Amino acid sequence: MIRDALHLIKTHWNDFWEYWTPVVMISIGIIVFILEAFAGMKAEYGRYNKKKSGLSAPIAWLIQECPAFFVPLFLMFYNGIQFFDSSNRINTNVVLLFLFMMHYFNRSFIYTMRIRSKNVVNYMENFLAFIFCFVNGYQIGHYHTKFIRHDLFEWNFLLGVFIFFCGFYINIDSDNRLIRLRKESNGSGYKIPRGGMFEYVSAANYFGECLEWFGFAIASWSLPGLAFAWFTLANTGPRGYHHHLFYKEKFRSEYPKDRKALIPFFILKMELVLFYPSDILIGIFLCKTNDDDNLLVQY
C-alpha cells in the first residue's frame, strides 16, 4: 500500500507542482482577499497584532522568508541546472530564478538586519508565512529548473524584467524610507511617510512588491508565476488599504488627501465607500464627492 502511494506521488509529482499547487494558491488567494478586503480581517503582525505576543520582527522575517531563497537554491544544484545550453543560448528561466532569489536574499538577510521594529509577529502568522514561502519557493524553483526557455528577446521577457526591476527599486526605496522614518521617530510613534512613491500611495512598499511579481509573471509566462503574483496582490492589497485607513484616521487633516491606498492615480474620479458597522467592511465604488468628513476614502 505504501509502495502504491509512493508510486502515485511520483507519477503525479510534476502535475502537482506545475498545475495543482498554483490552482490551490489562486483559490486561497481569492479567499484571503475576500476575508481581508470585505470581512475586515487583518493578518496579526505588526500594528495589527492584538495578542502582542510572538517573535521579534527581525527573527520572524528571517525564519519565514528564507525558505523562498534556500529551496530554489537547493533545486538548482539538485537538478544540475545550467545557465547556458549546449548551443550557448541563455536559459532565461535561470535568469528569472536568480531574480526571485535576489528578492528573497534581500528580504531574508539584508532587510532583517536593518529593521529595528519593536513589533512582534504572531507565532501562527509566522508559521503560515514559513509554509507559504517553502511551498512557493518549491513551485517556482521546480518550474524554472525543470523547463528550459530561450526568451531573452521575447517581448514578455523584456517587459516583465523591466517591470520587475521597477518594482524592486520601489520596494527597496520604500523600505529605506520607512526604516529611516522609524529611526528618526525614536520610538515616538507612527509618522507620515514622505517621498518616493509614498507621495502617491500609502502602501508604497506593497505596490513595489506587487509590481515585482506581476513583472515576474509576465516574464515567466507560467501558471506558478501568475499564481504567486495574484496571491501577493490578494494579501498585500487589502493590508495596504488597512494601512491607508490607519493613516487617515490617525493623522486626519494632516494626511495628504490625494494619496491613494495601493495603486497611484488609480480611478481618479472614483472612491471606495466604506460601510462598517461592527467593523464589517463592505466596499462599493461610487462617484467622488466633496465631503471630506464622510466615510469616503480614496483607494
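Rings of Phe, Tyr and Trp (for Trp, its six-membered ring) form a pair if their centres lie within 6.5 Å; planes under 30 degrees apart count as stacked, over 60 as edge-to-face and the rest as tilted. The model is predicted, so local features need pLDDT of at least 70 and side-chain atom pairs count only at pLDDT 80 or more, while totals for chains, interfaces and linings use all residues. Residues are numbered from 1 along each chain as its sequence is written, and side-chain values use heavy atoms, without hydrogens and water.

**Exercise 1. State how many aromatic pairs there are, and classify the pair F74 and Y78.**

Step 1. Under the ring rule, the count comes to 30 aromatic pairs.
Step 2. For F74 and Y78, the centres are 5.4 Å apart and the planes 25 degrees, and the pair is stacked.
Step 3. Both residues belong to helix α3, 4 residues apart, about one turn of the helix. Helices are DSSP runs (H or I, at least four residues), numbered from the N terminus.

**Exercise 2. Describe how α4 packs against α3 and against α6.**

Step 1. Helix α3 (residues 67-78) and helix α4 (residues 92-114) have axes 8 Å apart, at an angle of about 145 degrees. Axes are lines fitted to C-alpha atoms over the stretch in contact, and angles run from 0 to 180 degrees between N-to-C directions.
Step 2. The residues in contact (heavy atoms within 4.5 Å) include F69, L73 and M76 of α3 and L97, M101 and F105 of α4.
Step 3. By class, this contact has 14 nonpolar, no polar and no charged residues. Ala, Val, Leu, Ile, Met, Phe, Trp, Tyr, Cys and Pro count as nonpolar, Asp, Glu, Lys and Arg as charged, and the others, Gly among them, as polar.
Step 4. α4 and helix α6 (residues 155-185) pack at about 0 degrees, with axes 12 Å apart; they are therefore roughly parallel, a term for angles under 35 degrees.
Step 5. The contact of α4 with α6 has 12 nonpolar, 5 polar and 3 charged residues.

**Exercise 3. Identify the residues through which α5 meets α8.**

Step 1. The axes of helix α5 (residues 123-146) and helix α8 (residues 223-251) come within 9 Å and cross at roughly 150 degrees.
Step 2. F132, N136, Q139, I140 and Y143 of α5 meet P224, G225, F228 and F231 of α8.
Step 3. These residues divide into 6 nonpolar, 3 polar and no charged.

Key
Helices (H or I, at least four residues) and strands (E, at least two) are DSSP runs, numbered from the N terminus. Angles under 35 degrees count as roughly parallel, over 145 as roughly antiparallel, 65 to 115 as roughly perpendicular and the rest as oblique.
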